[in-house]
Amino acid sequence: MNFSNPVVFVLAPASLLLGSYLLVRCIRLAKRMIFPAVKIRFAASAEPFAFHLPQAGRYVVNVVIPPMKFLIGVAHFRARFAISTAAAQPLTYRSYGRSLFTVDRTDMAGKRSTPLGGFDCAQAGDFTITCLNPETIRDDYQLEIAPLVPLLKLVPLVLATLVAAHMAIGGLVVSLICLGGQA
């Protein structure tokens, strides 16, 4: 490649700047997926748990597995839930089972959130959730309600992050080579 070409002098820094900008945007979006703004954690019990959802949307019920639990078991996939509004109107809960097309999250503390099922929230408000068979969930596990992270949104984000990183690193390397050739 001819690094003395004037086009390379323009494209390399432009690639560095654009790639860096896109990389920062992708990292911010990934942070919102890993650490959602709405995250309600509670212990599994047969008693109803009241919670508030600030916005409408699709939500999932996750089991939160503590760090360093290598043998996690699968009994929690049989957990069943009843979700209702404050006016005692039931919401439809769909169990995912052991689906391949769900997104697990792991936070910086090593806690792993695995989706068990989901429900649609038509409007913001107060809700109650009851675990109908809490014996299927271990005592040291927690339950969590968080917004749904669709797989069709996660895959393009990962690909965009890789492309942005390659643009930024490639632009930096070629810019340094061009500047080194000028000296």
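**Reading the model**

Biologist: Let me begin with one side chain: how does Asp120 count by relative accessibility?

Modeller: At 38% relative accessibility, Asp120 counts as partly exposed. The scale calls a residue buried under 20% relative accessible area, exposed over 50% and partly exposed in between, with a 1.4 Å probe and protein chains only. Keep in mind that this is a predicted model, where local features need pLDDT of at least 70 and side-chain atom pairs count only at pLDDT 80 or more, while totals for chains, interfaces and linings use all residues. Residues are numbered from 1 along each chain as its sequence is written, and side-chain values use heavy atoms, with hydrogens and water left out.

Biologist: Which residues form salt bridges with Asp120?

Modeller: Side chains of opposite charge can pair when their charged atoms come close. The rule here asks for a side-chain nitrogen of Lys or Arg within 4 Å of a carboxyl oxygen of Asp or Glu. Arg58 forms one with Asp120, and their closest N and O atoms are 3.2 Å apart. Because Arg58 lies in strand β3 and Asp120 in strand β8, this pair ties together parts that are 62 residues apart in sequence. Arg94 forms another with Asp120, at 3.8 Å between the closest N and O atoms. That pair also links distant parts of the chain, with Arg94 in strand β6 and Asp120 in strand β8, 26 residues apart. Arg58 is partly exposed at 45%, and Arg94 is partly exposed at 30%.

Biologist: How many salt bridges does the rule count?

Modeller: The count comes to three. Arg41 and Glu144 form a salt bridge too, with closest N and O atoms 2.9 Å apart. Arg41 lies in strand β1 and Glu144 in strand β10, so the pair ties together parts that are 103 residues apart in sequence. Arg41 is partly exposed at 26%, whereas Glu144 is buried at 0%.

Biologist: You keep naming strands. Which strands pair with β8?

Modeller: Strands (E, at least two residues) and helices (H or I, at least four) are DSSP runs, numbered from the N terminus. Two strands pair if DSSP finds at least two bridges between them. β3 and β8 are antiparallel and share nine bridges; Ile65 has Arg112 in β8 as its bridge partner. β6 (residues 93–95) is joined to β8 by three antiparallel bridges, and Arg94 is partnered there by Gly118. β7 and β8 form a hairpin with five residues between them, and Gly110 in the turn has a positive phi of about 90°.

Biologist: In what order do the strands of the open sheet run?

Modeller: The order is β2-β9-β4-β5, with antiparallel pairing among these four strands. β2 and β5 (90–91) are the edge strands, each pairing on one side only. Between β4 and β5 there are two bridges, and Ile83 stands opposite Leu91. The loop between these strands holds Ala88, a residue other than glycine with a positive phi, near 65°. Ala88 is exposed at 61%.

Biologist: Which residues have the most contacts inside the largest nonpolar core?

Modeller: A nonpolar core is a set of buried Ala, Val, Leu, Ile, Met, Phe, Trp, Tyr and Cys residues joined through side-chain atoms within 4.5 Å. The largest one has 24 residues, and Leu53, Phe81 and Ile145 have the most contacts inside it. Among the strands that each supply at least two of its residues are β2 (49–53), β4 (81–85) and β10 (142–147). β3 gives the most, with four residues. Another core, of five residues, lies apart from it and includes Cys26, Met33, Val103 and Val149. β8 is mostly covered, with eight of its 10 residues buried.
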